[in-house]
Amino acid sequence: MAEPEEPRAPAVGGRYAGYVTVVLVIVYIFNFIDRQIITILAEEIKADIGISDAQIGFLYGTAFAVFYAIFGIPLGKLADTWTRKNLIAIGLGFWSLMTALSGTARSFGALATYRVGVGIGEASATPAAFSMLSDYFSPKVRATVLAIYSSGIYIGAGIGIFIGGWIVGGWDARYPDPSLAPLGLKGWQAAYLAVGIPGILMALWVYTLREPVRGLSEGLVTPPHPHPFRATGRELLAVVPPFTLLALAREKASGAVMTRNLIGAAGIAIAAWALTTLTGDPEQWIALGIGTYAAFSWIQTLGLRDAPAFAMMFGSRAFLYAVIGFPTISLVTYAFAAWAPPYFIRVHGIGPAEAGLVLGASFAIGGWLGITIGGIVADRLKERTGNARVYVGMAAVVLTAPTALGLLLTDSLIVAYAFNFAVSVFSSCWLGAAASTVNDLVMPRMRAVASAFYLLMATVGLAVGPYAVGEMSDVLTAAGQVPGEALRTSLLASVALLAIPAVFLVLLRGRLVPEEENRLDRARAAGEPVEEEAA
């Protein structure tokens, strides 16, 4: 009897790879619709459940970001060891359900809980998508492909702002008395339900995709992992306190390692207590403290369990400079993404519908242009210089600063709209370059975990930027500034944070080329079996 045929593995490149890219871009669009819609709903939510700017910053940033980061690491491991398209489908269904449930929230606590669920679900998507697309396409076009995928950020953000503003405006006009609305829903609650439910159906489409051969695009085919869920469980223990200590003990950590872990935990707890005392926002600093300790413990455990991956990531100066230099741009970009709609509503006096239409289009078109052009430029220039992707990151910093200042310093609504579009273009152009740089510095089997750590670093910007601007706005408002001017001053102060990525990208420029060129030698030296070099 003839043996049954193996399922046909998709080849590198071609029409099917393009089709998968389109589907994954749509997934990322859903990802950011659900993530970003809160910005246009912020004023309605504040008025309805009585919360502050700092709490809005917490909901948009920290509540989402910390748990996105914590669960991104074990889910990144699952993406490195299991069927990636299944993982994306399950995650999409879960975060869409959490988004829809946000429309049932009646309190800050309930909304924060559902926001945490959105963060956990969305953590499944991007590491797995980065890994899939890196296997579907040649490394020569990786920055372009990952930039096209990353364009879903701004398309989704723009659509989320537009839909949110349109639904709130229409709902409130039709039901000025919420008690007469269907189920007694407010406009912001209806918006959450409207964007959450379609994602559950989208998950079924993602499930039909074909899985590529891991490592095929570079001739470094990686065999299937024998126990993907067991490996993921071990990774989960390494990031969820207090099981982090159990994970270290299972890896036979020395007394010195355990002591450093406890000292680190104590230092983080003291810092969280001090910042809570200073700001009066315990949820912000407790959540951020948990996330910081989880990342610290995971790095320790990775060094014990997977020495080659640890060496390729944390033994590489280029990798460290990249995962600090690129993502810290998001300290500013996330702050502007969170607060641009409330800023235009407060300072320029426009309504949610107009803000949603104009700012949504600006984010979607400008962000798509910036990401796509940045990825293409990075790939084209890489034929001339190995630092092409670094230069794209530097350009993002240099061009974002003056356009952001122009947005905030003008009193003309039209000029502010124009500068907002420019900020969307320039502040987004680094994303494809960053993702491809991180993937190029590690081996194929490590890509999703490396991408998860890169995204963890990016979520620092999400956890800190929007909250810091909101907290400063609250303080200035309490001191007597009108809310619009307080928010303007807070956003102006945030632009200075672009100095951080500028420094680390300069450092990366001197390390990237040699470490990309000796990647396989570094892997062998770390104990990684390398059977075949890419052609």
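In this predicted model, the chain exposes about 20500 Å², of which carbon and sulfur atoms supply 69%. Of its 535 residues, 57% count as buried.

**Overall architecture**

The secondary structure of the chain consists of 25 helices and zero strands. Its radius of gyration is 23 Å, close to the 24 Å that the globule rule gives for 535 residues, so the chain is as compact as a globular protein of that length. Taken along the principal axes, the C-alpha atoms fill a box of roughly 70 × 55 × 50 Å. Among contacts between residues at least 6 apart in sequence, 82% join residues at least 24 apart.

**Helix 5**

Helix 5 covers residues 108-122 and has 15 residues. From first C-alpha to last, helix 5 reaches 21 Å, close to the 21 Å expected at 1.5 Å a residue. Its buried residues are Phe108, Leu111, Ala112, Arg115, Val116, Gly117, Val118, Gly119, Gly121 and Glu122. Thus the buried set includes the charged residues Arg115 and Glu122. As a general point, an α-helix has 3.6 residues a turn, so residues three or four places apart point the same way.

| Residue | Helix | Relative accessible area |
|---|---|---|
| Leu133 | helix 6 (residues 125-136) | 1% |
| Thr232 | helix 10 (residues 228-237) | 11% |

Leu133 counts as buried because its relative accessibility of 1% is under the 20% cut-off. Leaving aside residues up to four places away in sequence, Leu133 touches Thr21, Leu24, Val145, Leu146 and Tyr149. One of these partners, Leu24, is 109 residues from Leu133 in sequence, yet the two C-alpha atoms are 9.1 Å apart in space.

Thr232 is likewise buried, since its 11% also falls under 20%. With residues up to four places away in sequence again left out, Thr232 touches Pro74, Lys77, Leu78 and Thr81.

Technical notes:
Residues are numbered from 1 along each chain as its sequence is written. This is a predicted model: local features need pLDDT of at least 70, side-chain atom pairs count only at pLDDT 80 or more; totals for chains, interfaces and linings use all residues. Side-chain values use heavy atoms; hydrogens and water are left out. Helices (H or I, at least four residues) and strands (E, at least two) are DSSP runs, numbered from the N terminus. The radius of gyration is taken over C-alpha atoms; the globule rule is 2.2 Å times the number of residues to the power 0.38. Buried means under 20% relative accessible area, exposed over 50%, partly exposed in between (1.4 Å probe, protein chains only). Contact means heavy atoms within 4.5 Å. Accessible areas come from the Shrake-Rupley method with a 1.4 Å probe; for residues, only the protein chains shown count as cover. The expected span of a helix is 1.5 Å times one less than its number of residues.
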